[in-house]
Amino acid sequence: MEKTVTFFFICLISKVKPTPVSLYTPADNIKILDVSNFKEKVENSTSAWLVEFYASWCGDCQRFAPKWKDFANDVLDWRDIVQVGAVACSDEINTPLCREMGIFKYPTVKYFHENYQVSSRNVGVDLVHDDDTDPSIKEKVLKYLIREVHEGRRNNYPNLLPYNHEHLEHLYDDAADNVEFIFLVIADTGYLGAELALDLHKIPAVAVRYSSVNNSILKTNLGIENYPTVLVLDKNNKSEIFKNATTSDEIKSTVSDFLQSKGINLEMNLSEDNTTSNNTDLHLDRLPVTLLRQHIRKMGDVVFQADLEAALRYSLQQEVSSVEVIKDEKLKTLKDYLSVINKYFPFGYRSSSLISLLINVTSQAKEVRGNQIQDLVKEAEENNLFSSPRRFIGCLGSSPSFRGYPCSLWTLFHYLTVNFADANADNRNVNPREILETVHSYVKNFFGCKACSLHFQDMATKRNMMNVSSLEDSVLWLWESHNVVNERLKGDPTEDPEYLKVQFPTRHNCPECYAEYGFWERSQVLAYLKRMYGRFNVRYIGSDTSVIFPGLD
């Protein structure tokens, strides 16, 4: 019976193929870009482009997605000037594109000017968004667009330069003949005026300029004391100051009411781009996947060969390979990573040849190209050197955007620390931090989620990783750090509702790990971790054991 059930699940898993996951749809007013249409859309475009490069498994990307959707809808009327798109670097087909664009941290937002041409020296301009204390996305975009106009590079933009005159008489100097009303925004920065200029740029009868509060003579001449302030000047030099509009929304509403009172229609319907992306059906066969998850959960805390292989393949083929030229610190990190993988990963009889080949390629090299790594891993897959199809088993989430790669990478790191400790129990000369230092260096140099990488590096400093002095402590340090991350992400939008972020091991799975008053029995936890991540606890559901153990029935 047990063999029949296991065979059933092996067959089930082999039929369920992983589907690329997207955080966006065309309904979000975000163009879905990929390796097949990126150059067609972005190169030689009459408009500029703002493109987010992301990984669907990246928690920071998932948290950023609602902001990116809001931004895309907010600037919908700017589409003839700047369009908004997204590329899923977690989809393997986009790895060459993301590598060419120099993407190795997620999310990354790049600005591509109109008539952009792809070249090794021009891969767009990064618009960084590291945390909520940074300026808004729109403010960063406006800052860059103003600079572009100031430096004379963008002739198709509305006038985004400040009005520096001391009187209103020069407002119409550069205006088109059909402009009937010019709005002047006086504020601390030019962003509010530039935003209004872009919002209204499709209305021929209207222009918008802005002036800084530092233009003190203009303020005095107009009798303005509060900011921001908006005034309008018509062709007959008749002006009106709107004193009750102090916020962005109030200013837009006031301007809208004024123009409608003058019979000017504000309906700025830009022509729709009917280009659609190939929407992929993200729904897996619900019943088999549900049965699979139920079966896996009943097995408790175990490690699956398929998850370990999935982590290794993704890390090499889509993170390491995303770096165009691997050299210096990154190359040393790759060599160290391959070294510990070669020594402690549970390879099959044939699959270890891939790592041996990668070590030979990198050992004497001063630099290695990312596409070399990608091609070698792809060739290994084609030659069936891995025992499992590319999918997750124990790390399978309740939906494709949950768990997956981050879960499998944690599993791989835990497995390495435990088996490193076991293999070197009698080796007094070994560096007890060999795995931890390699993990730290990998996360710093290759892990795609920028926020996750910075959190881990910060945690390594605060939790004194470099003071770890024993093999057992290295196992426990990673365990404690994983629980710190679980606590930080508890209740986060990236948390899988069916696999909540809890402190592990749970009391149910390891009651002896818990002491009084909520403290841990560290010796029991260590024993538990060694059982869970020991090489004899690896399970092979979803794996072809003939690849791992050839000649055995």
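The structure is a predicted model, in which local features need pLDDT of at least 70 and side-chain atom pairs count only at pLDDT 80 or more, whereas totals for chains, interfaces and linings use all residues. Residues are numbered from 1 along each chain as its sequence is written, and side-chain values use heavy atoms, with hydrogens and water left out.

Helix H10 comprises residues 305–319 and spans 20 Å from first to last C-alpha, close to the 21 Å expected at 1.5 Å a residue (1.5 Å times one less than the number of residues). Helices (H or I, at least four residues) and strands (E, at least two) are DSSP runs numbered from the N terminus. Thr-95 lies in helix H4, residues 95–100, and counts as buried because its relative accessibility is 1%. Beyond residues up to four places away in sequence, Thr-95 touches Cys-89, Gln-317, Gln-318, Ser-321 and Gln-374 (contact: heavy atoms within 4.5 Å).

An open sheet of five strands has the order S1-S3-S2-S4-S5 and mixed pairing (two strands pair if DSSP finds at least two bridges between them). Strands S1 (31–33) and S5 (125–127) each have a single partner strand, so one side of each is left without a neighbour in the sheet. The twist averages 35° from one strand to the next. S1 runs parallel to strand S3 (residues 82–88), joined by three bridges, and Leu-33 stands opposite Val-87 in S3.

Strands S6 (residues 181–187) and S8 (residues 229–234) are antiparallel over six bridges, with Ile-182 opposite Leu-233 in S8.

The axes of helices H17 (residues 471–489) and H18 (residues 522–533) come within 10 Å and cross at roughly 90°. H17 and H18 are therefore roughly perpendicular to each other (65 to 115 degrees; under 35 is roughly parallel, over 145 roughly antiparallel and the rest oblique). Their contact involves Glu-472, Val-475, Leu-476, Trp-479 and Glu-480 of H17, together with Arg-522, Val-525, Leu-526, Leu-529 and Lys-530 of H18.

How values were computed. Buried means under 20% relative accessible area, exposed over 50%, partly exposed in between (1.4 Å probe, protein chains only). Axes are lines fitted to C-alpha atoms, for helices over the stretch in contact, and angles run from 0 to 180 degrees between N-to-C directions.
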